[in-house]
Amino acid sequence: MHYISTRGTASALGFDDVLLAGLASDGGLYLPQTWPKIESDTLRSWRGLSYSDLAIRVIEPFIAGSQLEPKFSQLVQKAYAGFNHPAVTPLTQLESNLWLLELFHGPTFAFKDIALQLLGQLLDQLLQSRGQTATIIGATSGDTGSAAIEACRDREALQAFILYPHDRISDVQRRQMTTVASSNIHVLAIDGTFDDCQNLIKALFADQAFRQKANPTAVNSINWARIMAQTVYYIAAAIALGAPDRSVSFAVPTGNFGNVFAAYAAKRMGIPIDQLIIGSNRNDVLPRFFASGTLAATTTVPTLSPSMDIQISSNFERFLFDLWDRNGKALSTAMAEFQKTHQLSISTPAATMARKQFTALAFDDEQTLATIKKWYQDIGLVLDPHSAIGVAAAERVRAKTPCIALATAHPAKFPEAIRRAIGTTPKIPEHLEAIMTKPERLTRLPNHFDTVRAHILSLINPPHRKTQIAR
């Protein structure tokens, strides 16, 4: 399996180099050169498999030729051994044609665990086998950071630097990062928005001198391995509801476009997916794009669903690559213009193609609270503000096929929003309750590239790339 950049000039790489690189050298994102295909008979043969066994079969084509192949099955089993539900991603039926896919049964109670627990295993094993260390750098709008930290903490081969927008995530989300005492974990509160944090990460990857000193790799969904791992739960849910003999639809609360792009990837692989429904909050850059054919970023607005408070969805470039008929050089020109003007328009035929793939809707905080209240009153279900947007989107569209809304986080991570909606706070899992009294470790920094770069380099012990790992 080889991977190519959405910008068209970086060399094609195998999986191992893509895993470590994160972002392509030309600033693009990696995608498979060709999509592996899953035949109907294969899908039928996968019925009844455990989540781990299914993940092994789905992902194997993506890592073909990797140094990790001999130990891959073992690494997958280890990644999902700590989840607190035997199904890992269980399905709950809400109505005759509406289901909820629960993705919050991992160690940090958010869907990011599903990909990042595996990513941590893969990175650590690959670096150990090469006798190298690496610097994890990532931006988080709430949940990626804690999931990445949980996956990377105390690993000899990794140091992790996680950037988050100061005062723009929930207290629980912040404490899940800042109360980790591991010496290889560094949490940076940036004076700005998530988009600012994301731009700093991209700038660090573009700085060749920094790359030489730090050997950085990404844990954000710009890293292809994140998307690859997320395709599994879409396939698992589709099989559970009758695929390949019945089509399904998915409603996905979406900020950075990585989660819903994984559904699109599953569809490209042959999974019978009818509709892909995007639910956004007031930061409605994606619904506006699908309505108008113009991607126009505006000012990020803080909402009750902070993990979706994003204007520049970095993974959207992977979908634009298809809209540009995989012409990386042309897309590179368009993305350079977007970086300058924060606007990008596509042709009418491309806009029509885009709308055939996705339906996108936006919901404000009051609509989010109303959805939480409705489902609590109707069946006693407590949805977090992000999951509520996914359910609201599914209710609005009313797909003809069974529709699966994604529950992306445990409601206890957003107690204030839940209290506003239903008048009481959700039961807090014991692990989350414990972090509310622990001391916090973080460094607050300005939204200034040179300052952030210097701080990270000051905490890395050179020479980084050639360091031998103690066995």
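First, some housekeeping. This is a predicted model, where local features need pLDDT of at least 70, side-chain atom pairs count only at pLDDT 80 or more, and totals for chains, interfaces and linings use all residues. Residues are numbered from 1 along each chain as its sequence is written, and side-chain values use heavy atoms, with hydrogens and water left out.

By cavity I mean a set of points, on a 1 Å grid over the protein atoms alone, where a 1.4 Å probe fits but cannot get out; a pocket is an open set with protein on both sides within 12 Å along at least five of seven lines, and lining residues have an atom within 4 Å of a point. Grid points are joined across faces, edges and corners, and a volume is the space filled by probe spheres set on them.

There are three cavities of 30 Å³ or more. Around the largest one sit 25 lining residues, with Phe 111, Lys 112, Gly 255, Asn 256 and Ser 307 nearest its centre. That lining splits into eight nonpolar, 14 polar and three charged residues, where Ala, Val, Leu, Ile, Met, Phe, Trp, Tyr, Cys and Pro count as nonpolar, Asp, Glu, Lys and Arg as charged, and the others, Gly among them, as polar.

The second largest cavity holds about 50 Å³, and its lining includes Arg 168 and Asp 309.

Now the largest pocket: its volume is about 540 Å³. Of its 28 lining residues, Arg 7, Asn 199, Lys 202, Met 335 and Gln 339 lie nearest the centre. Here the lining has 15 nonpolar, eight polar and five charged residues.
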